[in-house]
Amino acid sequence: MPAPQTQPPAAERDVYVDLYEAKKKIYPRAIGGVFTRWRWALVLLTQGVFYGLPWWQWGERQMVLFDLGARRFYLFGLVLYPQDFIYLTGLLIMSALSLFLFTAVAGRLWCGFACPQTVYTELFLWLERLTEGDRSARMRLDKGPWTFEKLWRKTLKQLAWVSVALWTGFTFVGYFVPIRQLGGELLALHGTWQIFWVGFYSFATYGFAGYMREQVCKYMCPYARFQSAMFDKDTLIVTYDTQRGEPRAARSKKVDAKAAGLGDCIDCSLCVQVCPTGIDIRKGLQYECIGCGMCVDACNTVMDKVQYPRGLIRYATQNGMQNRWSSAQMLRRVLRPRVLFYSAVLLALCTAMLASLVTRTPLKVDVVRDRAALSRVVAGGQLENIYRVQVMNATEQPQRYRITASGLQGLQVASEPEVEIGPAESRWVAVRLQVPYGAAPAGSHTVHLDVQAQGDRAQVSEKTVFLVPR
């Protein structure tokens, strides 16, 4: 008979550990205060610009339009072509340096106040509070059974979320397709790609701001992971004053906290309840903290009620907390070498970008040799090379351009020397250059094609090669 099987000791049994913690829904509590007002001011500012800018007109066109189909980019009074890609590169570099600068000075200011994820999460939370109530009411509603009240509140919230998401997607695509034209196309169900991108961006807004929320900041955003590399001990961050707050405990207003050996923290957990990422700032700096300052507003509110000094949770530096510096002493350490370096480089880039835009020539020219006929002898004993020249008018008025050539003795333009280009249009022109046969030695010779706007100082010179056969 087989031997009976026995269970191994409890210490030797397999233990199953979940490597991923299941998402716990966070119910941020509404709070008022200085940082709350700043957040809402930036929500109104950023979204006022985002939603309103496509509807503003500049003359007879949309003020800001990135027309990918026509390869024209309209930015206020500027008309940019793909050849102006250097400006986009400069803008991205300045954005990165600005992020480095703000992070070195005051931590995750971008994340807490201006990041689209933060802004739309705050907007969607506001709609959720309007329809379902504040934190405790939302928690009761989610735990309770499905009643008529729960159904209509949830439905109203979803309708509000979907409306904001659809309008956001429509506005986003309106930066790439004229927004008035886009509205008509969508109503007529025309434009497959427009419908796709409106739906895609709307779905992303709805999912990220309505459901994923802090999960995007914790697990998807790379900035949270490498922010510590840009922090130092003189960076302003949201900090809990451990020396003042500990040991924390609830107490009556009549109790003398110092006599009882208690710190100023009454362990109300309000700082945790208002946090949009659900962390406890009293445990120290954590990568999930987005630096929004909601816990500062909550703690200051409690300190006012119990008649303790404000600032138990505040923006401070690690050096300032350790050395018990005043706010003025900490701010004086802000202007340290790395901050000055970032500021100087950013100022230089902004100045160079502005100067380049102001002095920019509103004319672009590209020259391509006609490979079908490299060089040939034509009537009159002339040696001819043919080129294709793209003339791009970067103004919003029709322009007439004159084409001339230089670089070889006797070189002349044998084709029509003048061309007219409409507003913000480009045109390929066949240009024939001729020299007397035998006037130049065999080989390739560098010549210049000059294109100049009549009645204007705008002039562009492009280098090309004139071939003389052996």
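A pocket here is an open set of grid points with protein on both sides within 12 Å along at least five of seven lines, and its lining residues have an atom within 4 Å of a point. Keep in mind on this tour that the model is predicted.

**Stop one: the largest pocket**

Start by selecting Phe66, Leu88, Leu91, Leu92 and Ser95: of the 36 residues that line the largest pocket, these lie nearest its centre. The space in this pocket comes to about 1400 Å³.

Now colour the elements around the pocket. Helix H1 (34–52), helix H2 (85–106), helix H3 (109–114), helix H4 and helix H16 (337–358) each give at least two residues to the lining, and so do strands S3 (64–67), S4 (72–75) and S5 (78–80). Which helix supplies the largest share of the lining? Select H2, which brings eleven residues. If you colour by class, you will find 31 nonpolar, four polar and one charged residues in the lining.

Next, pick Arg71, in the loop between S3 and S4. Most residues other than glycine have a negative phi. Arg71, though not a glycine, has a positive phi, near 55°.

**Stop three: H1 and its partners**

To see the contact, show Val34, Phe35, Thr36 and Arg39 on H1, together with Met294, Val296 and Asp297 on H13. By class, this contact has four nonpolar, one polar and two charged residues.

Keep Phe35 on screen, and bring up Tyr315. The structure holds 22 aromatic pairs, and Phe35 and Tyr315 form one of them, a tilted pair with 5.3 Å from centre to centre and 40° between the planes. Phe35 belongs to helix H1 and Tyr315 to strand S7 (residues 313–316), so this pair ties together parts that are 280 residues apart in sequence.

**Stop four: H4 against H5**

Select helix H4 (residues 116–132) and helix H5 (residues 135–143). Their axes are 9 Å apart, and the helices pack at an angle of about 70°. Angles of 65 to 115 degrees count as roughly perpendicular, so H4 is roughly perpendicular to H5. On H4, show Leu125, Glu128, Arg129 and Glu132; on H5, show Ala137, Arg138 and Leu141, and you have the residues that make the contact. Three of these are nonpolar, four are charged and none is polar.

**Last stop: a cis peptide bond**

Finish at Pro247, in the loop between helix H11 (242–245) and helix H12 (270–273). Most peptide bonds are trans. The bond joining Glu246 and Pro247 is cis, with omega about -5°.

Conventions:
Residues are numbered from 1 along each chain as its sequence is written. This is a predicted model: local features need pLDDT of at least 70, side-chain atom pairs count only at pLDDT 80 or more; totals for chains, interfaces and linings use all residues. Side-chain values use heavy atoms; hydrogens and water are left out. Axes are lines fitted to C-alpha atoms, for helices over the stretch in contact, and angles run from 0 to 180 degrees between N-to-C directions. Helices (H or I, at least four residues) and strands (E, at least two) are DSSP runs, numbered from the N terminus. Angles under 35 degrees count as roughly parallel, over 145 as roughly antiparallel, 65 to 115 as roughly perpendicular and the rest as oblique. Contact means heavy atoms within 4.5 Å. Ala, Val, Leu, Ile, Met, Phe, Trp, Tyr, Cys and Pro count as nonpolar, Asp, Glu, Lys and Arg as charged, and the others, Gly among them, as polar. On a 1 Å grid over the protein atoms alone, a cavity is a set of points where a 1.4 Å probe fits but cannot get out, and a pocket is an open set with protein on both sides within 12 Å along at least five of seven lines; lining residues have an atom within 4 Å of a point. Grid points are joined across faces, edges and corners, and a volume is the space filled by probe spheres set on the points. Rings of Phe, Tyr and Trp (its six-membered ring) pair if their centres lie within 6.5 Å; planes under 30 degrees apart count as stacked, over 60 as edge-to-face and the rest as tilted.
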